[in-house]
Amino acid sequence: MGDSKVEDNFTNNTHGAQFEAKDLITFDENAVYGDWRDEFHKNGCVVIKNVISKERAEYYAAEQMEWLKSFDLGFDEKDPSTYTAEHLPVSFKGGMYMSYCSSHEKMSWEARTEPAVVEIFERLWGTKELICSFDGMNISLPNRKDISWSPWPHCDQNKRRKGMQAVQGLLNYAPNGDKDGGLVLMKGSAKLFNEFFAREDRESYAHEDAPPPEMEFMDLFLFSQNDVKWFEERGCELVKINMEPGDFVLWDSRTMHYAKFPEGNQIRHVQYICMTPRQFANEEALKAKKECFEKWQGTTHWPHCNIRPTDDAPMRDGKPCPKNRLEPRKKPILTDQLLRLAGVKAY
Ligand SMILES: [Fe+2]
């Protein structure tokens with residue numbers, strides 16, 4: 001496994017209520033890689049440029065747009081008056097699409113199986129035997145008048161999980177600068193995770209968009225403004241990541257982050273992609289993953305545990321959305337590579 005070492009004891013690694021209280025993998029602190037991994041291990045995050053071509057990014061953005069229009073709710077990207085919830089499928093925080101089998105659309109799987117995307121995670125973890133998350137995508141339309149938005153700094157790793165256990169990523173399809181929608185990261189915060197949570201009284205902030213506790217988002221912690229300050233006082237910096245089409249950003253799941261809502265006129269197009277070693281998953285998690293895959297259900301950012309299916313229909317005006325789908329609009333081609341990444345087929 002190159003410069004990294006995967007621990008062999010992770011029997012408590014389930015999507016239930018147990019957490020690995022030890023590192024699943026250790027990296028040589030003194031290793032010099034001579035590539036983006038040096039920055040990643042230093043800051044807990046890194047942007048990798050030109051992972052796919054501009055043309056490929058354009059293709060994905062166009063596919064996402066076509067997908068948005070396929071619900072026949074009157075959405076037209078040329079008519080900003082249709083940039084409202086009634087003309088769009090149901091999303092979270094103004095543009096995150098996790099339902100409607102979006103995680104298993106052909107375009108989502110094509111993005112996950114882009115050779116250069118897979119290569120990033122192979123290099124990061126030091127193994128080719130990876131499984132991926134069934135994550136959603138983000139299509140954030142600017143100038144929305146029907147939603148109020150506020151930053152929601154959070155991390156996607158439970159405080160009881162120690163060390164680097166998941167690394168999140170997103171493949172970016174549209175240009176985004178300071179004013180545009182995009183990812184905001186607290187650079188350096190992953191390294192302070194244990195110190196921050198060493199205090200037993202850390203409570204997830206009751207943000208207006210916090211999911212209800214019964215949803216059991218067990219790998220979500222929302223930070224308050226005071227918490228943000230705590231990290232800043234220790235040298236961390238909240239940075240908006242500006243990206244070109246085709247760029248990829250990776251961040252350790254212990255990193256504080258949020259998606260900024262667009263203030264300019266640019267539409268944001270993103271596919272969330274996470275991969276971890278299959279070896280991190282136990283039989284129970286793989287079984288749950290297979291069931292999700294067979295039903296075209298999405299899950300969390302976590303590839304190997306916390307396999308919580310998005311099995312309920314998205315709610316529109318208090319009722320299940322009549323446009324809900326039980327299979328993707330365009331199904332992916334089920335190659336061996338795809339089935340292995342899905343965790344369905346063994347390596
Ligand atoms: Fe997140």
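Student: Which residue in β12 is the bridge partner of valine 47?

Tutor: The bridge partner of valine 47 in β12 is valine 249. A word on reading the model is in order. The structure is a predicted model, in which local features need pLDDT of at least 70, side-chain atom pairs count only at pLDDT 80 or more, and totals for chains, interfaces and linings use all residues. Residues are numbered from 1 along each chain as its sequence is written.

Student: What does the protein contain in terms of helices and strands, and how far does its C-alpha trace span along the principal axes?

Tutor: Helices (H or I, at least four residues) and strands (E, at least two) are DSSP runs, numbered from the N terminus. Here there are 8 helices and 17 strands. The radius of gyration (over C-alpha atoms) is 19 Å, close to the 20 Å from the globule rule (2.2 Å times the number of residues to the power 0.38) for 347 residues, so the protein is as compact as a globular protein of that length. Its C-alpha trace spans about 55 × 45 × 40 Å along the principal axes.

Student: In what order do the strands of the open sheet stand?

Tutor: Two strands pair if DSSP finds at least two bridges between them. The open sheet has 6 strands in the order β3-β12-β8-β14-β6-β4, with antiparallel pairing. Strands β3 (45-48) and β4 (96-97) are at the edges with a single partner strand each, so one side of each has no neighbour in the sheet. Strand β6 (residues 137-140) is joined by 4 bridges to β14 (residues 268-272), and the two run antiparallel. Serine 140 has arginine 268 as its bridge partner in β14.

Student: Which helices pack on this sheet?

Tutor: Axes are lines fitted to C-alpha atoms, for helices over the stretch in contact, and angles run from 0 to 180 degrees between N-to-C directions. Helix α2 (residues 54-69) packs on the sheet and touches β6 and β14, its direction making about 95° with that of β14. Helix α4 (residues 115-125) also packs on the sheet, where it touches β3, β8 (167-172) and β12 (248-252). The direction of α4 makes about 30° with that of β12.

Student: Which residues of α4 are buried?

Tutor: A residue is buried if 20 or more other C-beta atoms, placed from the backbone, lie within 10 Å of its own, exposed if 12 or fewer, and partly exposed in between. In α4 the buried residues are Val117, Ile120, Phe121, Leu124 and Trp125. They cover an arc of only 110° around the axis (taken from the directions from the helix axis to the C-beta atoms), which puts them on the same side of α4. An α-helix has 3.6 residues a turn, so residues three or four places apart point the same way. Glycine 126 follows α4 and has a positive phi, near 75°.

Student: Are the faces of β3 covered or uncovered?

Tutor: Both faces of β3 are covered, with buried Cys45 and Val47 on one side and buried Val46 and Ile48 on the other. Of the 347 residues of the protein, 44% count as buried.

Student: How many residues does the largest nonpolar core have?

Tutor: A nonpolar core is a set of buried Ala, Val, Leu, Ile, Met, Phe, Trp, Tyr and Cys residues joined through C-beta atoms within 7 Å. The largest has 79 residues, and Ile120, Leu171, Phe248, Val249, Leu250 and Ile273 have the most contacts inside it. Two residues are in contact if their C-beta atoms, placed from the backbone, lie within 7 Å. Beyond its neighbours within four places in sequence, leucine 171 is in contact with residues including Val51, Ala111, Val117, Phe248 and Ile273.

Student: Where does histidine 301 lie?

Tutor: Histidine 301 is in the loop between α7 (283-294) and β16 (315-316). This histidine is buried, because 21 other C-beta atoms lie within 10 Å. Not counting residues up to four places away in sequence, histidine 301 touches several residues, among them Ser133, Asp135, Asp156 and Tyr272.
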